[in-house]
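Have the sequence and the 3D view open as you read.

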Amino acid sequence: MACVGVFVAYLPVTTVSVSLPTIQRSLGASTADLSWVTDAFVLPMAALILTAGVVGDVHGRRKVFQAGLAFCAIGAAIALSADGLDSVEVLWTGQAFAGIGAAALLPATLGLISHAVPDPRERSKYVSLWTASLMGALAVGPMISGVILENAAWHWIFLAPIPASLLTMAAASRYVADSRAAGARRLDWPGQITAAIAITALVYAVIEGGGGSFTETRVLLALALSAASLLTFIITELRSESPMLDLKLFRSPAFSATALVAMISFLGLIGFIFVLSLYLGQVQQLGTLDAGYRMLMFTLPAMAVGPVFAQIMHKVSARILITTGLLLATGSLLSLTSIDADTSFTALAWRLIILGIGFGAVFAPMTATAINSVPHQLAGMAAAGSNAFRQVGAALGPALMSALLTTKVSDALPGHLSDAGLSASAQDRVTGAVDSGGFGAVHAVDLGADTPRMLHAFSQAFLDGIHLCLTISAAVMLVAAAVAVVLLRRPRPSAPAPSAPARRREEPALNG
(Lines give C-alpha, C1' and ligand atoms only; values in the text may rest on other atoms or scores of the structure.)
Protein backbone atom coordinates (compact mmCIF):
# COMPACT_ATOMS: atom_id res chain seq x y z
CA MET A 1 0.00 0.00 0.00
CA ALA A 2 2.94 2.33 0.61
CA CYS A 3 3.97 1.88 -3.02
CA VAL A 4 0.44 2.61 -4.21
CA GLY A 5 0.38 5.73 -2.05
CA VAL A 6 3.58 7.19 -3.50
CA PHE A 7 2.33 6.31 -7.01
CA VAL A 8 -0.82 8.36 -6.41
CA ALA A 9 1.23 11.19 -4.87
CA TYR A 10 3.54 11.57 -7.88
CA LEU A 11 1.01 10.92 -10.64
CA PRO A 12 0.29 14.67 -11.17
CA VAL A 13 3.96 15.53 -11.78
CA THR A 14 4.32 14.31 -15.37
CA THR A 15 0.58 14.06 -16.06
CA VAL A 16 0.50 17.84 -15.87
CA SER A 17 4.03 18.50 -17.17
CA VAL A 18 3.47 17.02 -20.65
CA SER A 19 0.12 18.84 -20.86
CA LEU A 20 1.61 22.29 -20.25
CA PRO A 21 1.62 23.40 -23.93
CA THR A 22 -2.07 22.46 -24.25
CA ILE A 23 -2.94 24.15 -20.96
CA GLN A 24 -1.07 27.27 -22.08
CA ARG A 25 -3.02 27.49 -25.34
CA SER A 26 -6.35 26.80 -23.65
CA LEU A 27 -6.02 29.24 -20.75
CA GLY A 28 -3.75 31.81 -22.43
CA ALA A 29 -1.20 31.34 -19.66
CA SER A 30 2.26 32.90 -19.63
CA THR A 31 5.42 30.88 -19.01
CA ALA A 32 5.45 32.16 -15.41
CA ASP A 33 1.83 31.01 -15.05
CA LEU A 34 2.87 27.57 -16.27
CA SER A 35 5.68 27.33 -13.75
CA TRP A 36 3.13 28.09 -11.03
CA VAL A 37 1.00 25.17 -12.31
CA THR A 38 3.90 22.91 -11.37
CA ASP A 39 5.01 24.81 -8.28
CA ALA A 40 1.48 25.12 -6.88
CA PHE A 41 1.73 21.34 -6.46
CA VAL A 42 5.36 21.13 -5.33
CA LEU A 43 5.38 24.04 -2.87
CA PRO A 44 2.90 22.52 -0.38
CA MET A 45 4.89 19.30 -0.59
CA ALA A 46 8.09 21.10 0.37
CA ALA A 47 6.45 23.30 3.02
CA LEU A 48 4.29 20.70 4.76
CA ILE A 49 6.13 17.42 4.41
CA LEU A 50 8.00 17.75 7.71
CA THR A 51 4.83 18.64 9.59
CA ALA A 52 3.04 15.69 7.99
CA GLY A 53 5.80 13.44 9.26
CA VAL A 54 5.35 14.73 12.82
CA VAL A 55 1.56 14.38 12.63
CA GLY A 56 2.01 10.78 11.50
CA ASP A 57 4.43 10.09 14.34
CA VAL A 58 2.00 11.54 16.91
CA HIS A 59 -1.45 10.62 15.63
CA GLY A 60 -0.74 7.57 13.47
CA ARG A 61 0.67 7.14 9.99
CA ARG A 62 -2.39 5.38 8.60
CA LYS A 63 -4.56 8.41 9.42
CA VAL A 64 -2.08 10.71 7.64
CA PHE A 65 -1.89 8.26 4.72
CA GLN A 66 -5.67 8.34 4.27
CA ALA A 67 -5.86 12.11 4.76
CA GLY A 68 -3.25 12.52 2.05
CA LEU A 69 -5.28 10.43 -0.36
CA ALA A 70 -8.38 12.50 0.44
CA PHE A 71 -6.54 15.75 -0.35
CA CYS A 72 -5.29 14.25 -3.64
CA ALA A 73 -8.87 13.43 -4.64
CA ILE A 74 -10.14 16.89 -3.64
CA GLY A 75 -7.33 18.61 -5.52
CA ALA A 76 -7.98 16.61 -8.67
CA ALA A 77 -11.70 17.43 -8.48
CA ILE A 78 -10.94 21.17 -8.21
CA ALA A 79 -8.46 21.08 -11.09
CA LEU A 80 -11.02 19.19 -13.16
CA SER A 81 -13.22 22.30 -13.13
CA ALA A 82 -10.47 24.73 -14.23
CA ASP A 83 -11.17 24.44 -17.97
CA GLY A 84 -14.89 25.03 -17.58
CA LEU A 85 -14.20 28.11 -15.46
CA ASP A 86 -11.40 29.17 -17.85
CA SER A 87 -9.20 29.98 -14.87
CA VAL A 88 -5.55 29.16 -14.33
CA GLU A 89 -6.04 30.23 -10.69
CA VAL A 90 -8.53 27.38 -10.16
CA LEU A 91 -5.94 25.00 -11.61
CA TRP A 92 -3.35 26.35 -9.16
CA THR A 93 -5.80 25.77 -6.30
CA GLY A 94 -6.43 22.18 -7.32
CA GLN A 95 -2.72 21.54 -7.67
CA ALA A 96 -2.12 23.03 -4.21
CA PHE A 97 -4.63 20.66 -2.59
CA ALA A 98 -3.04 17.73 -4.40
CA GLY A 99 0.36 18.94 -3.19
CA ILE A 100 -0.89 18.92 0.41
CA GLY A 101 -2.00 15.33 -0.14
CA ALA A 102 1.37 14.37 -1.55
CA ALA A 103 3.10 16.05 1.43
CA ALA A 104 1.15 13.74 3.72
CA LEU A 105 1.71 10.62 1.63
CA LEU A 106 5.48 10.73 1.21
CA PRO A 107 6.56 10.61 4.89
CA ALA A 108 3.63 8.37 5.80
CA THR A 109 4.56 5.75 3.20
CA LEU A 110 8.25 5.73 4.15
CA GLY A 111 7.29 5.71 7.84
CA LEU A 112 5.08 2.68 7.30
CA ILE A 113 7.96 0.87 5.57
CA SER A 114 10.42 1.84 8.31
CA HIS A 115 8.06 0.57 11.01
CA ALA A 116 7.25 -2.69 9.24
CA VAL A 117 10.87 -3.46 8.24
CA PRO A 118 13.32 -2.32 10.98
CA ASP A 119 16.34 -4.18 9.53
CA PRO A 120 18.29 -1.72 7.30
CA ARG A 121 19.39 -4.37 4.80
CA GLU A 122 15.89 -5.74 4.33
CA ARG A 123 14.39 -2.25 4.38
CA SER A 124 16.52 -1.22 1.40
CA LYS A 125 14.65 -3.73 -0.78
CA TYR A 126 11.32 -2.17 0.07
CA VAL A 127 12.66 1.34 -0.37
CA SER A 128 13.73 0.31 -3.88
CA LEU A 129 10.15 -0.78 -4.60
CA TRP A 130 8.98 2.56 -3.20
CA THR A 131 11.27 4.47 -5.57
CA ALA A 132 10.21 2.20 -8.47
CA SER A 133 6.60 3.13 -7.75
CA LEU A 134 7.55 6.81 -7.77
CA MET A 135 9.21 6.38 -11.15
CA GLY A 136 6.24 4.32 -12.33
CA ALA A 137 3.98 7.31 -11.71
CA LEU A 138 6.36 9.51 -13.70
CA ALA A 139 6.24 6.93 -16.52
CA VAL A 140 2.47 6.41 -16.60
CA GLY A 141 1.53 10.07 -16.26
CA PRO A 142 2.49 11.16 -19.80
CA MET A 143 0.70 8.21 -21.37
CA ILE A 144 -2.51 8.92 -19.45
CA SER A 145 -2.34 12.55 -20.54
CA GLY A 146 -1.55 11.59 -24.13
CA VAL A 147 -4.50 9.22 -24.50
CA ILE A 148 -6.89 11.70 -22.89
CA LEU A 149 -5.73 14.72 -24.90
CA GLU A 150 -6.02 12.75 -28.14
CA ASN A 151 -9.70 12.18 -27.41
CA ALA A 152 -10.94 14.79 -24.93
CA ALA A 153 -10.31 18.18 -23.32
CA TRP A 154 -7.19 18.63 -21.19
CA HIS A 155 -8.99 18.95 -17.85
CA TRP A 156 -9.92 15.25 -17.98
CA ILE A 157 -6.32 14.39 -17.12
CA PHE A 158 -7.35 15.06 -13.52
CA LEU A 159 -10.05 12.41 -13.50
CA ALA A 160 -7.87 9.33 -12.88
CA PRO A 161 -6.44 10.43 -9.49
CA ILE A 162 -9.94 10.66 -8.01
CA PRO A 163 -10.94 6.95 -8.18
CA ALA A 164 -7.32 5.92 -7.58
CA SER A 165 -7.23 7.90 -4.33
CA LEU A 166 -10.65 6.78 -3.13
CA LEU A 167 -10.03 3.09 -3.85
CA THR A 168 -6.66 3.22 -2.08
CA MET A 169 -8.29 4.88 0.93
CA ALA A 170 -10.80 2.05 1.15
CA ALA A 171 -8.08 -0.60 0.87
CA ALA A 172 -5.86 1.14 3.44
CA SER A 173 -8.59 1.07 6.08
CA ARG A 174 -8.44 -2.72 5.91
CA TYR A 175 -4.88 -3.65 4.98
CA VAL A 176 -2.63 -0.93 6.47
CA ALA A 177 -1.62 -1.34 10.12
CA ASP A 178 -1.32 1.92 12.03
CA SER A 179 1.97 2.93 13.65
CA ARG A 180 3.40 5.81 15.68
CA ALA A 181 6.90 6.91 16.61
CA ALA A 182 8.34 5.84 19.94
CA GLY A 183 8.71 8.66 22.45
CA ALA A 184 6.88 11.95 22.77
CA ARG A 185 6.73 14.38 19.83
CA ARG A 186 4.70 17.54 19.44
CA LEU A 187 3.77 19.71 16.52
CA ASP A 188 6.34 22.45 15.98
CA TRP A 189 4.23 25.35 14.73
CA PRO A 190 6.99 28.03 14.84
CA GLY A 191 9.22 25.75 12.78
CA GLN A 192 6.43 24.90 10.36
CA ILE A 193 5.41 28.52 9.78
CA THR A 194 8.94 29.85 9.28
CA ALA A 195 9.88 26.96 6.96
CA ALA A 196 6.76 27.46 4.83
CA ILE A 197 7.38 31.23 4.54
CA ALA A 198 11.06 30.74 3.64
CA ILE A 199 10.33 28.21 0.89
CA THR A 200 7.32 30.03 -0.59
CA ALA A 201 9.03 33.43 -0.61
CA LEU A 202 12.14 32.02 -2.31
CA VAL A 203 10.20 30.27 -5.09
CA TYR A 204 7.98 33.33 -5.57
CA ALA A 205 11.06 35.53 -5.95
CA VAL A 206 12.65 33.20 -8.53
CA ILE A 207 9.47 32.90 -10.62
CA GLU A 208 8.48 36.56 -10.53
CA GLY A 209 12.06 37.75 -10.92
CA GLY A 210 12.50 35.56 -13.97
CA GLY A 211 9.25 36.78 -15.49
CA GLY A 212 10.13 40.42 -14.83
CA SER A 213 13.23 41.67 -13.07
CA PHE A 214 15.16 40.59 -10.00
CA THR A 215 15.60 44.25 -9.06
CA GLU A 216 11.85 44.79 -8.56
CA THR A 217 10.93 45.80 -5.02
CA ARG A 218 8.55 42.86 -4.49
CA VAL A 219 11.19 40.38 -5.61
CA LEU A 220 13.85 41.86 -3.34
CA LEU A 221 11.39 41.89 -0.43
CA ALA A 222 10.55 38.23 -1.08
CA LEU A 223 14.23 37.28 -1.06
CA ALA A 224 14.79 39.20 2.18
CA LEU A 225 11.73 37.55 3.75
CA SER A 226 12.99 34.12 2.70
CA ALA A 227 16.43 34.72 4.23
CA ALA A 228 14.98 36.10 7.48
CA SER A 229 12.52 33.20 7.76
CA LEU A 230 15.26 30.65 7.15
CA LEU A 231 17.41 32.16 9.89
CA THR A 232 14.42 32.20 12.25
CA PHE A 233 13.68 28.55 11.40
CA ILE A 234 17.24 27.51 12.27
CA ILE A 235 17.16 29.37 15.60
CA THR A 236 13.71 27.96 16.41
CA GLU A 237 14.70 24.37 15.67
CA LEU A 238 17.90 24.62 17.73
CA ARG A 239 15.91 25.81 20.76
CA SER A 240 12.86 23.55 20.37
CA GLU A 241 12.46 20.56 22.70
CA SER A 242 10.46 18.80 19.97
CA PRO A 243 11.83 20.12 16.65
CA MET A 244 10.13 19.43 13.36
CA LEU A 245 13.59 18.81 11.89
CA ASP A 246 16.28 18.04 14.43
CA LEU A 247 19.27 19.90 13.02
CA LYS A 248 21.57 17.46 14.81
CA LEU A 249 20.71 15.04 12.02
CA PHE A 250 23.18 17.01 9.93
CA ARG A 251 25.99 15.77 12.17
CA SER A 252 25.74 12.65 10.01
CA PRO A 253 27.73 13.31 6.81
CA ALA A 254 25.68 10.65 5.03
CA PHE A 255 22.39 12.34 5.90
CA SER A 256 23.76 15.77 4.99
CA ALA A 257 25.01 14.42 1.67
CA THR A 258 21.75 12.71 0.72
CA ALA A 259 19.71 15.78 1.70
CA LEU A 260 21.85 18.06 -0.47
CA VAL A 261 22.00 15.57 -3.34
CA ALA A 262 18.22 15.14 -3.17
CA MET A 263 17.63 18.89 -3.37
CA ILE A 264 20.17 19.59 -6.10
CA SER A 265 19.34 16.59 -8.29
CA PHE A 266 15.58 17.18 -8.12
CA LEU A 267 16.12 20.82 -9.00
CA GLY A 268 17.79 19.57 -12.18
CA LEU A 269 15.34 16.73 -12.80
CA ILE A 270 11.99 18.51 -12.40
CA GLY A 271 13.42 21.57 -14.13
CA PHE A 272 14.51 19.34 -17.00
CA ILE A 273 11.05 17.72 -17.26
CA PHE A 274 9.48 21.20 -17.39
CA VAL A 275 11.83 22.31 -20.17
CA LEU A 276 11.58 19.02 -22.11
CA SER A 277 7.79 19.27 -22.14
CA LEU A 278 7.95 22.77 -23.63
CA TYR A 279 10.58 21.65 -26.18
CA LEU A 280 8.44 18.76 -27.38
CA GLY A 281 5.31 20.91 -27.55
CA GLN A 282 6.60 24.32 -28.65
CA VAL A 283 9.60 23.42 -30.83
CA GLN A 284 8.81 19.98 -32.22
CA GLN A 285 5.05 20.64 -32.20
CA LEU A 286 4.30 17.10 -30.99
CA GLY A 287 1.00 15.92 -29.62
CA THR A 288 0.85 14.91 -25.96
CA LEU A 289 0.86 11.19 -26.73
CA ASP A 290 3.97 11.48 -28.91
CA ALA A 291 5.60 13.55 -26.17
CA GLY A 292 4.61 10.86 -23.67
CA TYR A 293 6.41 8.16 -25.69
CA ARG A 294 9.58 10.19 -25.53
CA MET A 295 9.19 10.73 -21.77
CA LEU A 296 9.02 6.94 -21.38
CA MET A 297 12.57 6.72 -22.71
CA PHE A 298 13.65 8.37 -19.45
CA THR A 299 11.19 7.05 -16.87
CA LEU A 300 11.10 3.35 -17.86
CA PRO A 301 14.89 2.79 -17.60
CA ALA A 302 14.94 4.62 -14.27
CA MET A 303 12.13 2.43 -12.96
CA ALA A 304 13.73 -0.76 -14.31
CA VAL A 305 17.26 -0.28 -13.00
CA GLY A 306 16.34 1.19 -9.60
CA PRO A 307 15.66 -2.20 -7.92
CA VAL A 308 18.81 -3.62 -9.51
CA PHE A 309 20.99 -0.93 -7.98
CA ALA A 310 19.20 -1.33 -4.64
CA GLN A 311 20.13 -5.03 -4.61
CA ILE A 312 23.84 -4.29 -5.01
CA MET A 313 23.93 -1.49 -2.41
CA HIS A 314 25.41 -3.90 0.12
CA LYS A 315 28.24 -4.84 -2.23
CA VAL A 316 28.92 -1.44 -3.80
CA SER A 317 28.89 1.68 -1.64
CA ALA A 318 26.13 4.23 -2.02
CA ARG A 319 28.84 6.81 -2.66
CA ILE A 320 29.95 5.03 -5.84
CA LEU A 321 26.39 4.31 -7.04
CA ILE A 322 25.11 7.85 -6.49
CA THR A 323 28.20 9.54 -7.92
CA THR A 324 28.20 7.29 -11.00
CA GLY A 325 24.50 7.91 -11.58
CA LEU A 326 24.89 11.67 -11.31
CA LEU A 327 27.84 11.66 -13.71
CA LEU A 328 25.77 9.65 -16.23
CA ALA A 329 22.98 12.21 -15.85
CA THR A 330 25.48 15.04 -16.36
CA GLY A 331 26.81 13.48 -19.56
CA SER A 332 23.31 12.85 -20.89
CA LEU A 333 22.20 16.43 -20.26
CA LEU A 334 25.30 17.78 -21.97
CA SER A 335 24.63 15.56 -24.99
CA LEU A 336 21.08 16.95 -25.12
CA THR A 337 22.44 20.45 -25.73
CA SER A 338 22.89 19.43 -29.39
CA ILE A 339 19.18 18.79 -30.04
CA ASP A 340 17.31 20.98 -32.52
CA ALA A 341 13.84 21.20 -34.02
CA ASP A 342 14.49 18.23 -36.31
CA THR A 343 16.04 15.85 -33.74
CA SER A 344 14.65 12.36 -34.41
CA PHE A 345 13.01 10.05 -31.90
CA THR A 346 16.06 7.74 -31.95
CA ALA A 347 18.56 10.57 -31.44
CA LEU A 348 16.55 11.84 -28.47
CA ALA A 349 15.76 8.39 -27.05
CA TRP A 350 19.29 7.15 -26.41
CA ARG A 351 20.14 10.33 -24.52
CA LEU A 352 17.02 10.01 -22.37
CA ILE A 353 17.73 6.33 -21.70
CA ILE A 354 21.18 7.19 -20.33
CA LEU A 355 19.59 9.92 -18.19
CA GLY A 356 17.05 7.41 -16.85
CA ILE A 357 19.75 4.87 -15.98
CA GLY A 358 21.70 7.60 -14.21
CA PHE A 359 18.77 8.64 -12.05
CA GLY A 360 17.84 5.01 -11.43
CA ALA A 361 21.26 4.60 -9.83
CA VAL A 362 20.60 7.60 -7.57
CA PHE A 363 17.04 7.31 -6.24
CA ALA A 364 16.99 4.11 -4.19
CA PRO A 365 20.52 4.41 -2.67
CA MET A 366 19.86 8.07 -1.83
CA THR A 367 16.61 7.36 0.01
CA ALA A 368 17.88 4.23 1.75
CA THR A 369 21.07 5.98 2.89
CA ALA A 370 19.13 8.88 4.39
CA ILE A 371 17.04 6.49 6.48
CA ASN A 372 19.80 4.04 7.40
CA SER A 373 22.35 6.69 8.42
CA VAL A 374 20.47 7.65 11.60
CA PRO A 375 19.15 5.68 14.58
CA HIS A 376 15.99 3.69 13.86
CA GLN A 377 13.87 5.94 16.09
CA LEU A 378 14.82 8.94 13.92
CA ALA A 379 14.23 7.20 10.59
CA GLY A 380 10.83 8.83 10.13
CA MET A 381 12.23 12.33 10.68
CA ALA A 382 15.18 11.55 8.40
CA ALA A 383 12.84 10.33 5.65
CA ALA A 384 10.65 13.43 5.98
CA GLY A 385 13.71 15.70 6.03
CA SER A 386 15.21 14.08 2.94
CA ASN A 387 11.89 14.36 1.12
CA ALA A 388 11.53 18.00 2.18
CA PHE A 389 14.90 18.86 0.66
CA ARG A 390 13.92 16.92 -2.46
CA GLN A 391 10.71 18.92 -2.83
CA VAL A 392 12.48 22.24 -2.27
CA GLY A 393 14.67 21.33 -5.23
CA ALA A 394 11.62 20.23 -7.22
CA ALA A 395 9.93 23.57 -6.51
CA LEU A 396 13.00 25.59 -7.48
CA GLY A 397 13.60 23.57 -10.67
CA PRO A 398 10.67 24.83 -12.78
CA ALA A 399 11.01 28.31 -11.23
CA LEU A 400 14.68 28.59 -12.14
CA MET A 401 14.29 27.04 -15.60
CA SER A 402 11.28 29.23 -16.38
CA ALA A 403 13.29 32.32 -15.45
CA LEU A 404 16.30 31.24 -17.53
CA LEU A 405 14.14 30.21 -20.49
CA THR A 406 12.07 33.39 -20.50
CA THR A 407 15.11 35.64 -20.25
CA LYS A 408 17.13 33.82 -22.92
CA VAL A 409 14.27 33.53 -25.44
CA SER A 410 13.30 37.18 -24.97
CA ASP A 411 16.92 38.25 -25.53
CA ALA A 412 17.51 35.97 -28.53
CA LEU A 413 14.18 36.39 -30.35
CA PRO A 414 14.77 39.86 -31.90
CA GLY A 415 18.06 38.71 -33.43
CA HIS A 416 16.53 35.58 -34.95
CA LEU A 417 13.57 37.56 -36.31
CA SER A 418 15.99 40.01 -37.91
CA ASP A 419 18.07 37.16 -39.37
CA ALA A 420 14.86 35.74 -40.86
CA GLY A 421 14.41 38.96 -42.84
CA LEU A 422 11.22 40.17 -41.13
CA SER A 423 10.40 43.86 -41.20
CA ALA A 424 10.76 46.01 -38.11
CA SER A 425 6.98 46.25 -37.72
CA ALA A 426 6.61 42.46 -37.94
CA GLN A 427 9.35 42.01 -35.35
CA ASP A 428 7.56 44.43 -33.03
CA ARG A 429 4.28 42.47 -33.44
CA VAL A 430 5.94 39.19 -32.50
CA THR A 431 7.96 40.49 -29.55
CA GLY A 432 4.93 42.42 -28.31
CA ALA A 433 2.81 39.26 -28.45
CA VAL A 434 5.42 37.35 -26.45
CA ASP A 435 5.76 40.12 -23.85
CA SER A 436 2.00 40.33 -23.30
CA GLY A 437 0.84 36.73 -23.80
CA GLY A 438 3.83 34.47 -23.33
CA PHE A 439 5.45 32.09 -25.78
CA GLY A 440 2.17 30.45 -26.76
CA ALA A 441 0.96 33.76 -28.20
CA VAL A 442 3.45 33.45 -31.08
CA HIS A 443 1.29 30.83 -32.76
CA ALA A 444 -1.65 33.25 -32.87
CA VAL A 445 0.32 35.89 -34.79
CA ASP A 446 -0.55 35.88 -38.49
CA LEU A 447 2.12 37.45 -40.71
CA GLY A 448 0.77 36.00 -43.93
CA ALA A 449 3.55 34.66 -46.14
CA ASP A 450 6.11 35.54 -43.46
CA THR A 451 4.49 33.31 -40.81
CA PRO A 452 6.68 30.21 -41.51
CA ARG A 453 9.84 32.32 -41.23
CA MET A 454 8.54 33.88 -38.03
CA LEU A 455 7.82 30.46 -36.49
CA HIS A 456 11.23 29.17 -37.51
CA ALA A 457 12.90 32.19 -35.89
CA PHE A 458 10.89 31.62 -32.71
CA SER A 459 11.93 27.95 -32.65
CA GLN A 460 15.58 28.94 -32.95
CA ALA A 461 15.25 31.43 -30.08
CA PHE A 462 13.44 28.82 -28.01
CA LEU A 463 16.21 26.32 -28.72
CA ASP A 464 18.75 28.85 -27.44
CA GLY A 465 16.80 28.93 -24.19
CA ILE A 466 16.50 25.12 -24.07
CA HIS A 467 20.24 24.69 -24.57
CA LEU A 468 20.99 27.15 -21.76
CA CYS A 469 18.62 25.32 -19.39
CA LEU A 470 20.16 21.95 -20.26
CA THR A 471 23.66 23.31 -19.65
CA ILE A 472 22.62 24.65 -16.25
CA SER A 473 20.92 21.33 -15.40
CA ALA A 474 24.13 19.47 -16.28
CA ALA A 475 26.14 21.82 -14.07
CA VAL A 476 23.68 21.23 -11.24
CA MET A 477 24.13 17.45 -11.54
CA LEU A 478 27.90 17.85 -11.50
CA VAL A 479 27.65 19.83 -8.27
CA ALA A 480 25.50 17.08 -6.77
CA ALA A 481 28.11 14.50 -7.78
CA ALA A 482 30.82 16.55 -6.07
CA VAL A 483 28.73 16.68 -2.88
CA ALA A 484 28.33 12.89 -2.97
CA VAL A 485 32.07 12.35 -3.42
CA VAL A 486 33.01 14.65 -0.55
CA LEU A 487 30.38 13.77 2.07
CA LEU A 488 29.14 10.25 1.45
CA ARG A 489 30.65 7.41 3.43
CA ARG A 490 29.37 3.93 4.14
CA PRO A 491 27.25 4.32 7.29
CA ARG A 492 28.09 2.29 10.37
CA PRO A 493 25.28 0.37 12.12
CA SER A 494 23.08 2.82 13.96
CA ALA A 495 23.23 2.93 17.73
CA PRO A 496 19.97 2.82 19.67
CA ALA A 497 18.55 6.26 20.37
CA PRO A 498 17.92 7.20 23.99
CA SER A 499 14.41 7.37 25.37
CA ALA A 500 12.51 10.63 25.06
CA PRO A 501 13.13 11.82 28.65
CA ALA A 502 16.86 11.18 28.31
CA ARG A 503 17.06 13.09 25.05
CA ARG A 504 17.77 16.37 26.78
CA ARG A 505 20.76 14.90 28.59
CA GLU A 506 22.26 12.78 25.83
CA GLU A 507 21.79 13.16 22.09
CA PRO A 508 21.54 10.02 19.93
CA ALA A 509 24.58 9.06 17.95
CA LEU A 510 24.34 9.95 14.28
CA ASN A 511 26.40 7.87 11.91
CA GLY A 512 28.06 9.04 8.77
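Is Arg218 buried, exposed or partly exposed? Arg218 counts as partly exposed, because its relative accessibility is 38%; the cut-offs are under 20% relative accessible area for buried, over 50% for exposed and in between for partly exposed, using a 1.4 Å probe and protein chains only.

## Ground rules

This is a predicted model, in which local features need pLDDT of at least 70 and side-chain atom pairs count only at pLDDT 80 or more, while totals for chains, interfaces and linings use all residues. Numbering starts from 1 along each chain as its sequence is written, and side-chain values use heavy atoms, with hydrogens and water left out.

## The overall picture

The protein chain has 17 helices and zero strands. Those are DSSP runs numbered from the N terminus (helices are H or I, at least four residues; strands are E, at least two). Of its 512 residues, 59% count as buried.

Now for contacts, meaning heavy atoms within 4.5 Å. Take the contacts in the protein chain with a separation of 6 or more: 83% of them come from residues 24 or more positions apart.

## The salt bridge

Back to Arg218, which forms a salt bridge with Glu216. Their closest N and O atoms are 2.9 Å apart. The rule asks for a side-chain nitrogen of Lys or Arg within 4 Å of a carboxyl oxygen of Asp or Glu, and the count comes to one salt bridge. Side chains of opposite charge can pair when their charged atoms come close. Glu216 is partly exposed too, at 26% relative accessibility.

## Helix H11 and the cores

Helix H11 covers residues 253–283, which makes 31 residues. From first C-alpha to last it reaches 43 Å, close to the 45 Å expected at 1.5 Å a residue (the expected span is 1.5 Å times one less than the number of residues). H11 is mostly covered, with 28 of its 31 residues buried. After the helix comes Gln285, which has a positive phi near 55°.

A nonpolar core here is a set of buried Ala, Val, Leu, Ile, Met, Phe, Trp, Tyr and Cys residues joined through side-chain atoms within 4.5 Å. The largest one has 143 residues, and the members that touch the most others are Tyr10, Leu91, Phe158, Phe272, Ile322 and Phe462. H11 gives the most to this core, with 19 residues. Leaving aside neighbours within four places in sequence, Phe462 is in contact with Leu278, Tyr279, Gln282, Val283, Leu405, Val409 and Phe439. There's also a second, separate core of six residues, including Phe309, Leu321, Ala361 and Ala368.

## Cavities

A cavity is a set of points, on a 1 Å grid over the protein atoms alone, where a 1.4 Å probe fits but cannot get out; lining residues have an atom within 4 Å of a point. Grid points are joined across faces, edges and corners, and a volume is the space filled by probe spheres set on the points. The count comes to nine cavities of 30 Å³ or more.

The largest cavity holds about 80 Å³ of space. Its lining has 14 residues, with Pro12, Ala76, Ala98, Phe158 and Pro161 nearest the centre. Helices H1 (2–17), H4 (61–80) and H6 (88–116) are the elements giving two or more residues to that lining.

Arg186 sits in the loop between helix H8 (161–175) and helix H9 (189–211). Arg186 is exposed, because its relative accessible area is 52%. Not counting residues up to four places away in sequence, Arg186 touches Val54, Val58, Glu241 and Ser242. Its C-alpha is 8.1 Å from that of Pro243, 57 residues apart along the chain. In helix H9 you'll find Gln192, which is buried at a relative accessible area of 5%.

Asp83 belongs to helix H5 (residues 82–85) and is partly exposed at 22% relative accessibility. Beyond its neighbours within four places in sequence, Asp83 is in contact with Ser26, Ala153, Trp154 and His155. Pro307 lies in helix H12 (residues 288–311) and counts as partly exposed at 25% relative accessibility. Pro307 and Ala132 are 175 residues apart in sequence, with 7.0 Å between their C-alpha atoms.

Definitions and conventions: 1 Å grid on protein atoms, 1.4 Å probe; cavity = no way out; pocket = protein on both sides within 12 Å on 5 of 7 lines; lining within 4 Å.
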